[in-house]
Amino acid sequence: MPRKYAPRPATPEGGTLDGFLLLEAGDDELPEGIQAVRLSGKNLAAVECADMAYFTGLRVLDLSDNRVMLPLAATEPVAELLQIPGLAPLAPLARLHALSLSLNRMTSLGKLTPTADFQLLTTLDLSYNQLEVEGCVGA
């Protein structure tokens, strides 16, 4: 019998990606010592923006199978940011080389524009979301 894709059921409020969670998952005492974190399937729904700036050595972040993609608030400054809804809180992670956001129930990327942030990002996994092509550069 062929396997069918079934959307994950809605769950109550999820957890928050913050400095304490990154320290625990990265298995280091100092934020700058953490280079790779895998937090797949942790029911994360929010990001504590202020904590991200301390993780200056983070190169790989796997947030797949969560729901971290929240729309940008109208009051958030979006100039110079890669304008993917919800990605602005991750902008302080300037040394990221790989970011996985697959299976996050994303429906829109917003407008992709050249940016000063995420300059080292070489891998961005957006698979298994419900994305629309409209509004993307080159579409």
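Q: Which residues does K42 touch, not counting residues up to four places away in sequence?
A: With those neighbours set aside, K42 touches D65 and N66. Contact means heavy atoms within 4.5 Å. K42 sits in the loop between β2 and β3. Helices (H or I, at least four residues) and strands (E, at least two) are DSSP runs, numbered from the N terminus. K42 and L63 are 21 residues apart in sequence, yet 8.4 Å apart in space, C-alpha to C-alpha.

Q: What should I know about the model itself?
A: This is a predicted model, where local features need pLDDT of at least 70, side-chain atom pairs count only at pLDDT 80 or more, and totals for chains, interfaces and linings use all residues. Residues are numbered from 1 along each chain as its sequence is written, and side-chain values use heavy atoms, with hydrogens and water left out.

Q: How does K42 count by relative accessibility?
A: Buried means under 20% relative accessible area, exposed over 50%, partly exposed in between (1.4 Å probe, protein chains only). K42 has 48% relative accessibility, so it counts as partly exposed.

Q: Which residues of helix α1 are buried?
A: An α-helix has 3.6 residues a turn, so residues three or four places apart point the same way. In α1 (residues 19-26), the buried residues are G19, L22 and G26. They fall within an arc of 65 degrees seen down the axis of α1, so they line one face of the helix. The arc is that of the directions from the helix axis to the C-beta atoms. The face turned away from the buried side carries the exposed residues F20 and E24. The buried residues of α1 pack against β1 (15-17), β2, α2 (49-52) and β4.

Q: In what order do the four strands of the open sheet stand?
A: Strands of a sheet pair through backbone hydrogen bonds, either parallel or antiparallel. Here the order is β2-β4-β5-β6, with parallel pairing. Two strands pair if DSSP finds at least two bridges between them. At the edges stand β2 (36-38) and β6 (123-125), each with a single partner strand, so one side of each is left without a neighbour in the sheet. Strands β4 (residues 60-62) and β5 (residues 98-100) pair over three bridges. D62 stands opposite S100 in β5.

Q: Where is the pLDDT below 50?
A: pLDDT is the predictor's confidence in each residue, from 0 to 100. The protein averages 76, and 65% of the residues score at least 70. Over residues 70-84 the pLDDT is below 50. Where pLDDT is low, the predicted coordinates should not be read in detail.
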